[in-house]
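Look over the sequence and the coordinates first.

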Amino acid sequence: MPLLGLGTWQLTGDTAGDVEHALQVGYRLIDTSGDYGTQPGIGRALRSSSLDRDEIFLVTKVEEDEDSFEAAQRNLQELGQGYVDLLLIHRPPHNGVGEWLWEGMLEAKREGLAREIGVSNYTSRQIDRLVEGSGERPAVNQVEWSPFGHSWDLMEHAKTNGIVIQAYSPLTRGQRLSDETLAEIGERHGKTAAQVILRWCIQVGAPPIPKAARAEHREENLDVFDFELGAAEMDALTGLNEHYSSLAGLPYV
């Protein structure tokens, strides 16, 4: 799985054009969901790209109130693809952890609709309960994650169980980009606050998938592989944690 990707939530103005540009400048992971409204446009961009399908890592999700196997099929129809690289349960259902959803996900993997399966917005305890029946753990848990809001307990559980934490909304939807610590570290490296956050995510092992509607922001977000944060800088950024969420709270805390 690539270390950085493009999130497409609300990227509905010109989805195909935005994704085409992303692929042209070097993105190789595209994240979507059945409820984003971006899958048809992503499909058009993939079909118009000169890249081979196996060069692109495609992620989509099924909703907690759907038949997950049928939803996977429907998502593939919208995308115009034969498979996705990663299929996620978007969030746990209100009544339990979704064992029936997981069974449908396992079927989708067996049938070749998804190369890997995982979850999103799950706690470590919910993951353990989900796995009890099948014995198969998710490959990925996609959660809101930034220096301002994260959990080392969740990360340790993930590492112990071979699960990748994938970071959505890593840039706090712009709400915390003016933080002084980000500015100071960015100035030392000649990088922006957003680039500092994305580099921190990569170095802690949480591949980020920032959304970017503007071409210059997509290019800026991708330009994070030519510098490295030092140990003291990593500690300073990790120390910003206050379980902040740009949404309605961190479900895993």
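Predicted model: local features only at pLDDT ≥ 70, side-chain atom pairs only at ≥ 80, totals over all residues.

Residues are numbered from 1 along each chain as its sequence is written, and side-chain values use heavy atoms, without hydrogens and water.

Student: Which helix gives the largest share of the lining of the largest pocket?

Tutor: A pocket is an open set of 1 Å grid points that fit a 1.4 Å probe, with protein on both sides within 12 Å along at least five of seven lines; lining residues have an atom within 4 Å of a point. Trp9, Tyr168, Ser169, Arg173 and Lys211 are the closest to the centre, among 30 lining residues. The largest share is three residues, from a helix (a DSSP run of H or I, at least four residues). That helix is H9, residues 215-222.

Student: At what angle do the axes of H1 and H9 cross?

Tutor: Axes are lines fitted to C-alpha atoms over the stretch in contact, with angles from 0 to 180 degrees between N-to-C directions. H1 spans residues 15-25, and its axis comes within 10 Å of that of H9. The crossing angle is roughly 35 degrees.

Student: Which residue forms a salt bridge with arginine 218?

Tutor: A salt bridge needs a side-chain nitrogen of Lys or Arg within 4 Å of a carboxyl oxygen of Asp or Glu. Here the closest N and O atoms are 3.5 Å apart. Arginine 218 lies in H9 and its partner in H1, so the pair ties together parts 200 residues apart in sequence. The partner is aspartate 18.

Conventions: Helix = DSSP H or I, 4+ residues; strand = E, 2+ residues; numbered from the N terminus.
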